[in-house]
Amino acid sequence: MVEVTDVELQNAKASWAEERAGRPIPVAVRFDRETERIVVDFANGTTFLVPARALEGLEHATSDELAEVELLGETGLHWERLDADYTIQGLMAGIFGSRAFLEAQRRGGQSRSPAKVAASRANGARGGRPRKTVG
C-alpha cells in the first residue's frame, strides 16, 4: 500500500477544491412532464435542460420512469429502474448516447435494418416502390 504524506494529502485536497470551484455544481434534477425535459439546477443559479426522449435508453420510457431521475454525486444523472446513467458534462456537450445511437439519429430513416433491406429488395424485384394512387 502506498503511503500518502500530509503534504501530498493537503495538495490533493487543494487541487480538488480548485477544480470544483471552476465548474458549476448541480444541486437538483427533475423531469418536467409538460416539456418532457430533464431539468438540472446549479448552485450558481443556472439551469440546464435536455429533451429526455432524445437520450439513448430513455426514448421509450414512461413519464413516471423519467421522473425517477436522481443526481449521481456532482457529475451525473441516474435512473435506477431504467439502468441508465449520463454525465452532466457529456449532456452539455451534446452526447446523448453511444456513437452508433447518435449516428442512427443523424441518419434518420436511412436505417439499414434487415427488414428494410428485405423490403427494398422485394420492391426492386417488382419494379421499384409502388406508385401512389391519386384518388
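Me: What makes a contact in this model a salt bridge, and how many are counted?
Reply: A salt bridge is a side-chain nitrogen of Lys or Arg within 4 Å of a carboxyl oxygen of Asp or Glu, and by this rule the count comes to four. The model is a predicted one, in which local features need pLDDT of at least 70 and side-chain atom pairs count only at pLDDT 80 or more, while totals for chains, interfaces and linings use all residues. Residues are numbered from 1 along each chain as its sequence is written, and side-chain values use heavy atoms, with hydrogens and water left out.

Me: Why is the contact of Arg30 and Asp41 called a salt bridge?
Reply: Their side chains meet at 2.7 Å, N to O, and the rule asks for a nitrogen and a carboxyl oxygen within 4 Å, so the pair qualifies. Strands here are DSSP runs of E with at least two residues, and helices are runs of H or I with at least four, both numbered from the N terminus.

Me: What makes Arg30 partly exposed?
Reply: Buried means under 20% relative accessible area and exposed over 50%, with partly exposed in between (1.4 Å probe, protein chains only); Arg30 has 41% relative accessibility, and therefore counts as partly exposed.

Me: Which residue forms a salt bridge with Asp64, and where do the two lie?
Reply: Asp64 pairs with Arg33, the closest N and O atoms being 3.0 Å apart. Asp64 belongs to helix α2 (residues 63-66) and Arg33 to the loop between β1 and β2, so that distant parts of the chain, 31 residues apart, are linked. Arg33 is partly exposed, at 46% relative accessibility.

Me: What makes β5 and β6 a pair of strands?
Reply: Two strands pair if DSSP finds at least two bridges between them, and four bridges join β5 (residues 76-79) to β6, the two running antiparallel. Within this pairing, His78 has Asp85 in β6 as its bridge partner.
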